[in-house]
Amino acid sequence: MDITPGAGNLGMTGNAPVVTTTVWTYDATKLNDPTLGPRYQVRLLIRDTVSTRPLLDDAEIDWLLTQESNVYMAAVAACESLVAAKGSVKSKKVNDLSVDYDVSFYQSLAASLRARGMSGQVPFAGGISVGDKEVQQTDSDAVQPRLFRGLADNAGANNPGPGANDNPLTRTP
């Protein structure tokens, strides 16, 4: 079965065919919009800005945005999705029209976008500042490190036993 984005996709539910319609939107004037901007930014990054040849549905991009840490990494996932979808198809001919698919464009675009997306991800090392450490220790939802589990369970831990000078055998009365 051939799935053509934007043309209405034919699928099967049981024995009944189901036609789904692609919802595709793009508005370059709303790239900075807090709600729609990330979707349009991903479309811009993967070169999916022509309404007559949509590559991904709005819902697909929206889902990728929930799975990735930033728009660049969502665009990487979109490129990888396009490579997977078109990777096995080398060319297609309908009447006199012939189209050759070359997935190497999206593979190299994914590599470039991944480099940009990874540069925006900063590793977090907790406990570097006293304030960060206190915030993490008082967070009741945070997973407690194994090192601290049960640390205060031994009531006698704060009162250690006899020291070297308190040996009852060598102590003079």
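The model is predicted.

Start with the charged side chains. The whole structure holds five salt bridges. One of them joins Asp62 to Arg39, with the closest N and O atoms 2.7 Å apart. Asp62 sits in helix α2 (residues 58-67) and Arg39 in helix α1 (residues 37-45), so this bridge ties together parts that are 23 residues apart in sequence. Asp62 is partly exposed because its relative accessibility is 29%. Arg39 has 14% relative accessibility, so Arg39 counts as buried.

The side chain of Arg43 meets that of Asp48 in a salt bridge, at 2.4 Å from N to O. Both of these residues are buried. Arg43 also forms a salt bridge with Asp58, where the closest N and O atoms are 2.6 Å apart. Arg43 belongs to helix α1 and Asp58 to helix α2, so this pair ties together parts that are 15 residues apart in sequence. Arg43 has 0% relative accessibility, which means that it counts as buried. Asp58 is buried too, with a relative accessible area of 5%. Now put the pieces together. Through shared partners, salt bridges join Arg39, Arg43, Asp48, Asp58 and Asp62 into one network.

Next, look at the backbone. Most residues other than glycine have a negative phi. Arg47 has a positive phi of about 65°, although it is not a glycine. Arg47 lies in the loop between α1 and α2. Its relative accessibility is 43%, so Arg47 counts as partly exposed. Asn95 also has a positive phi, near 55°, and is not a glycine. This residue is placed in the loop between β3 (91-94) and β4 (97-100). Asn95 counts as exposed because its relative accessibility is 69%.

Turn to helix α3, residues 71-86. Helix α3 has 16 residues. From first C-alpha to last, the helix reaches 22 Å, close to the 22 Å expected at 1.5 Å a residue. At the start of α3, a side-chain oxygen of Asn70 comes to within 3.1 Å of the backbone nitrogen of Tyr72. What are the buried residues of α3? They are Val71, Met73, Ala74, Ala75, Val76, Ala77, Ala78, Cys79, Leu82 and Val83. An α-helix has 3.6 residues a turn, so residues three or four places apart point the same way. The buried residues of α3 pack against α1, α2 and α4 (104-119).

Trp24 and Tyr26 form a tilted pair, 6.5 Å centre to centre with 45° between the planes. Trp24 counts as buried because its relative accessibility is 17%. Tyr26 is partly exposed, with a relative accessible area of 22%. Phe105 and Tyr106 have ring centres 4.9 Å apart and planes at 80°, so their pair is edge-to-face. Phe105 is at 39% relative accessibility and counts as partly exposed. Tyr106 is buried, with a relative accessible area of 15%. Which residues do ring pairs link into a cluster? The cluster is made of Trp24, Tyr26 and Tyr40.

Key:
Residues are numbered from 1 along each chain as its sequence is written. This is a predicted model: local features need pLDDT of at least 70, side-chain atom pairs count only at pLDDT 80 or more; totals for chains, interfaces and linings use all residues. Side-chain values use heavy atoms; hydrogens and water are left out. A salt bridge is a side-chain nitrogen of Lys or Arg within 4 Å of a carboxyl oxygen of Asp or Glu. Helices (H or I, at least four residues) and strands (E, at least two) are DSSP runs, numbered from the N terminus. Buried means under 20% relative accessible area, exposed over 50%, partly exposed in between (1.4 Å probe, protein chains only). The expected span of a helix is 1.5 Å times one less than its number of residues. Contact means heavy atoms within 4.5 Å. A polar contact is a pair of N or O atoms within 3.5 Å; within protein, one must be able to donate a hydrogen and the other to accept it, and residues adjacent in sequence count only if both atoms are side-chain atoms. Rings of Phe, Tyr and Trp (its six-membered ring) pair if their centres lie within 6.5 Å; planes under 30 degrees apart count as stacked, over 60 as edge-to-face and the rest as tilted.
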